[in-house]
Amino acid sequence: CAIRPAMYNKQIGGAKNSYHIVGLAVDFDIPGLNCDQVRKDLVPHLEMLNCRMEKLKNGSGWIHLDKGEVNEKAGQNRYFRP
């Protein structure tokens, strides 16, 4: 899932200001790979990719990446909980 029209985003309970609405986020999985492991493998590369990744519960079946801003002075990092 990448671009979500605002109405659809609201219907599925997406964040009001979701980066999906403007095409700056993607949720995905990779068949045959464990999403927990993929997230773990991506963490060291987030800065280079200029992306943030949502911290999901272990066992979650997708990965969320977005191009949201990171305010490191406010203690934010690239691996976040919504």
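Helices (H or I, at least four residues) and strands (E, at least two) are DSSP runs, numbered from the N terminus. The model is predicted, so local features need pLDDT of at least 70 and side-chain atom pairs count only at pLDDT 80 or more, while totals for chains, interfaces and linings use all residues. Residues are numbered from 1 along each chain as its sequence is written, and side-chain values use heavy atoms, without hydrogens and water.

**View A. Asn50 in the loop between α3 (46-49) and β2.** Asn50 is not a glycine, yet its phi is positive, about 55°. Most residues other than glycine have a negative phi. Asn50 is partly exposed, at 44% relative accessible area (buried is under 20%, exposed over 50%, partly exposed in between; 1.4 Å probe, protein chains only).

**View B. Strand β1 (residues 25-28) beside strand β3 (residues 63-66).** The two strands run antiparallel and are joined by four bridges; strands pair if DSSP finds at least two bridges between them. Asp27 has His64 as its bridge partner in β3. Ala25 and Asp27 form the covered face of β1, and Val26 and Phe28 the uncovered one. In a regular strand the side chains alternate between the two faces of the sheet.

**View C. Arg52 and the ring of Phe80.** The charged end of Arg52 sits over this ring, 4.1 Å from its centre. The rule requires NZ of Lys or CZ of Arg within 6 Å of the ring centre and within 35 degrees of the ring normal.
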